[in-house]
Amino acid sequence: MKDKPAHQLPSFAGYLNQVFAFRTAAERLRDARQDPEFSPQSVFLAVFYAFVFRLPSFQPLEAELAQPALRSWLGLERAFRDDVLRYSLCSFDLDGLRQMLVTVNRCLKRNKAFDAGRLQGRIVAALDGIEGLSSYSRCCESCLQRRVTTLDDDGPPVERTQYYHRAVGCQIVSAPVKPFLAVEWLQPGEGEDTAARRLLAQLPELYGSPFFDILLLDSLYAQAPVPNRGLAAVTLIRGLAFALSSAFTLLHSKIVRLYQTPRIEVARQLHRSLWQMQPPARAPTVPAGAS
Ligand SMILES: [Zn+2]
């Protein structure tokens, strides 16, 4: 038999649905649009897809939406444009996304994804800064500001005001799978320590009993409003994509190593399997040239 097919990874879509009830969880997500043509679930799945496959911007996603198989996975009859993403994400249900992240993390812990790498039996979490949406020209009322010196090709250094958003995330760091547990955004005039204390105060509420063993702080801070809902939604979806794709890849890293599957082939199989959420029951096709 020539053109022997590469070793197949199990289906990523199957993993998401069977282990995390991903599709059911996505169906519960909402945004504030009235009777939208494109559902919040479709928007969520499209952004999730873009992060899993590390698309650099919406433009390549728009090109991929031309493929019927992807549209079918997203539950779309036709492709949408970036204004749909913008409107949906700017009013997205952040509590639903947070809850999904918590459920995924709890499930990873139950399935012992954080057991490898324990430090003397302990799970370690750390705080990490996340930054998004920096601009010299556009800002919103919750933007943070800083002065930045830029060098032009010929002229003297120019100092300009840069607007940006910054958050503090709490992330598992001892295990090979390193999901964010929660993210808290800095308000204008606030230091990271304030946001960090607020974030750590939320964790028991989100996760119940202590989820990790090292890193604890007391806090008296109340939860602040989210400065930019669209950015917050995108950050949470990125967190989900990061946790789930790295957990899946790690779970099957033995297969990848054993069969020396090239990275591109892993990506191709993940890509294809994600589209096959409910594969039709039929006999496998015989590879060309099989005897
Ligand atoms: Zn802003």
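## Strands and their pairing

Arg146 stands opposite Gln162, a residue of strand E3. The model containing this pair is predicted, so local features require a pLDDT of at least 70 and side-chain atom pairs count only at pLDDT 80 or more, while totals for chains, interfaces and linings use all residues. Residue numbers start from 1 along each chain, in the order in which its sequence is written. Helices (H or I, at least four residues) and strands (E, at least two) are DSSP runs, numbered from the N terminus.

Two strands are said to pair if DSSP finds at least two bridges between them. Strand E2, residues 144-150, pairs with E3 in the antiparallel sense over 7 bridges. E1 and E3 are also antiparallel, with 9 bridges; here Ser135 has Tyr163 in E3 as its bridge partner.

## Overall composition

The protein has 11 helices and 4 strands. Of its 291 residues, 30% count as buried. A residue is buried if 20 or more other C-beta atoms lie within 10 Å of its own, exposed if 12 or fewer do, and partly exposed in between, with C-beta atoms placed from the backbone.

Two residues are in contact if their C-beta atoms, placed from the backbone, lie within 7 Å. Among the contacts with a separation of 6 or more, 73% join residues 24 or more positions apart.

A nonpolar core is a set of buried Ala, Val, Leu, Ile, Met, Phe, Trp, Tyr and Cys residues joined through C-beta atoms within 7 Å. The largest such core has 66 residues, and Val47, Ile237 and Leu240 have the most contacts inside it. Helix H9, residues 229-251, supplies the largest share of this core, 11 residues. Leaving aside residues up to four places away in sequence, Ile237 touches Phe44, Val47, Phe48, Phe51 and Leu97. In soluble globular proteins, nonpolar side chains tend to be buried together.

Phe58 belongs to helix H4. The C-alpha atoms of Phe58 and Val47 are 8.8 Å apart, and the two residues are 11 positions apart in sequence. Phe58 is partly exposed because 16 other C-beta atoms lie within 10 Å. With residues up to four places away in sequence not counted, Phe58 touches Asp82 and Leu85.

## Helix H6

Which residues of helix H6 (residues 82-89) are buried? They are Leu85, Ser88 and Leu89. These residues lie on the same side of H6 because they cover an arc of only 90° around the axis, the arc being that of the directions from the helix axis to the C-beta atoms. An α-helix has 3.6 residues a turn, so residues three or four places apart point the same way.

The buried residues of H6 pack against H3, helix H4 (58-64) and H9. On the face turned away from the buried side, H6 carries the exposed residues Asp83 and Arg86.

## Helix H8

Helix H8 covers residues 192-207, and its 16 residues should span 22 Å at 1.5 Å a residue; the end C-alpha atoms are 22 Å apart, in agreement with that figure. The expected span is 1.5 Å times one less than the number of residues in the helix.

The buried residues of H8 are Ala195, Ala196, Arg198, Leu199, Leu200 and Leu203. They pack against three strands, namely E1 (125-135), E3 (158-172) and E4 (180-185). After H8 comes Gly208, which has a positive phi near 75°.

## Residues in loops

The loop between helix H2 (22-27) and helix H3 (40-52) contains Ala32. Ala32 counts as partly exposed because it has 13 C-beta neighbours inside 10 Å. Ala32 and Cys90 are 58 residues apart along the chain, yet their C-alpha atoms are separated by 8.7 Å. Asp35 is also found in the loop between H2 and H3. Is Asp35 buried or exposed? Asp35 is exposed, because 4 other C-beta atoms lie within 10 Å. Its phi is near 40°, a positive value in a residue other than glycine.

Lys112 is located in the loop between helix H7 (94-110) and E1. The phi of Lys112, a residue other than glycine, is positive and near 65°. With 9 C-beta neighbours inside 10 Å, Lys112 counts as exposed.
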